[in-house]
Amino acid sequence: MSGGFRKWRRSFRYAYEGIKYALDTQRNMKFHFTVAFLVLLAALFLRLSKTDILFLLLAVTLMIVTELINTAVEKAVDLAMPDRHPLAKIAKDVAAASVLVCAGFAVAVGLIVFFEPIDRLLREGRLQTHAISAGAVWVLLALVVLSVIVIETRFSDKGKLVRPSLLAAVAFAVATVIALFAAATLVSLLGYLLAAMMLLVLYDKKTRPFPALFLGAIIGASVTALAFFCFNLL
């Protein structure tokens, strides 16, 4: 019995080391874990039903599992075929395709599960707004740009802190403006979806690390919403 327990514990340790390796070396795995954390946090905040949470857990599990398998396939192919080879490329492409399919499933689950709670939340919390001109919208966007520049130049000395992405901030600022003025929740969600897709493009191009993109998105959305509500109270 003790020998079986030791084998089980050893297997668990090896599996845990595999997860740690993927998190330490694979940028996509870091992104998946971060998104999974935010999604589950939103599920608790919105008090989703047990069925919705089960679907979210299924999507998160499939996403992480396929990314782990993709990493294992890539390392095995690199070991067996260090040089470039058409069959090696096919193996890696097919493994990456499985991740893409699971990502599409996860996005579909998220859109379906979160639509009604977010729609209800926006309808209950929507305020009567004053008329705002196009010039005021540009002022909101200018405030976002200035906020990012100030944070980037004042608080990010020698790269010690994360430098927020200006493009991510502007994208989520525009999405927030759309959400504040659009009467339909679907339009608001589509605006944020486009902003999130822009983040994915920037992340895929490796222009900025994910923390910089995420911080820029938070600054863009929060500064726009805060400035808008301050204007609305005048």
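Buried here means under 20% relative accessible area, exposed means over 50%, and partly exposed is whatever falls in between (1.4 Å probe, protein chains only). The structure is a predicted model, so local features need pLDDT of at least 70, side-chain atom pairs count only at pLDDT 80 or more, and totals for chains, interfaces and linings use all residues. Residues are numbered from 1 along each chain as its sequence is written, and side-chain values use heavy atoms, with hydrogens and water left out.

As for the overall build, the protein has eight helices and zero strands, giving the pattern α-α-α-α-α-α-α-α when read along the sequence. Helices (H or I, at least four residues) and strands (E, at least two) are DSSP runs, numbered from the N terminus. Of the protein's 234 residues, 29% count as buried. The protein exposes about 15,300 Å², with carbon and sulfur atoms supplying 72% of that; accessible areas come from the Shrake-Rupley method with a 1.4 Å probe, and for residues only the protein chains shown count as cover. Among contacts with a separation of 6 or more, 74% come from residues 24 or more positions apart, a contact being heavy atoms within 4.5 Å.

Next come the annotated positions. An unreviewed UniProt entry carries the annotation "active site" on Glu67; UniProt positions are given in the numbering used here, feature names are shortened, and annotations may be inferred rather than shown by experiment. Glu67 sits in helix α3 (residues 50-80). With a relative accessible area of 2%, Glu67 is buried. Its contacts, leaving aside neighbours within four places in sequence, are Asn28, Met29, His32 and Val99.

The unreviewed UniProt entry also has a "binding site" annotation, covering Tyr14, Glu74, Lys92 and Asp93. Tyr14 belongs to helix α1 (residues 2-25) and is partly exposed, at 46% relative accessible area. Glu74 is found in helix α3, and a relative accessible area of 24% makes Glu74 partly exposed. Once neighbours within four places in sequence are set aside, Glu74 touches Gln26 and Lys92.

Helix α7 (residues 185-204) can be checked for its span. The buried residues of α7 are Thr185, Ser188, Gly191, Ala195, Leu199, Leu202 and Tyr203. Seen down the axis of α7, these buried residues fall within an arc of 130°, so they line one face of the helix; the arc is that of the directions from the helix axis to the C-beta atoms. Leu194 and Asp204 are exposed on the other side of α7. After α7 comes Lys206, whose phi is positive, near 60°.

Three aromatic pairs turn up in a search of the whole structure. Rings of Phe, Tyr and Trp (its six-membered ring) pair if their centres lie within 6.5 Å, with planes under 30 degrees apart counted as stacked, over 60 as edge-to-face and the rest as tilted. One of the pairs, Phe172 with Tyr192, is tilted, at 6.1 Å centre to centre and 45° between the planes. Phe172 lies in helix α6 (residues 166-181) and Tyr192 in helix α7, so the pair ties together parts that are 20 residues apart in sequence. Phe172 counts as buried at 13% relative accessibility, whereas Tyr192, at 28%, counts as partly exposed.
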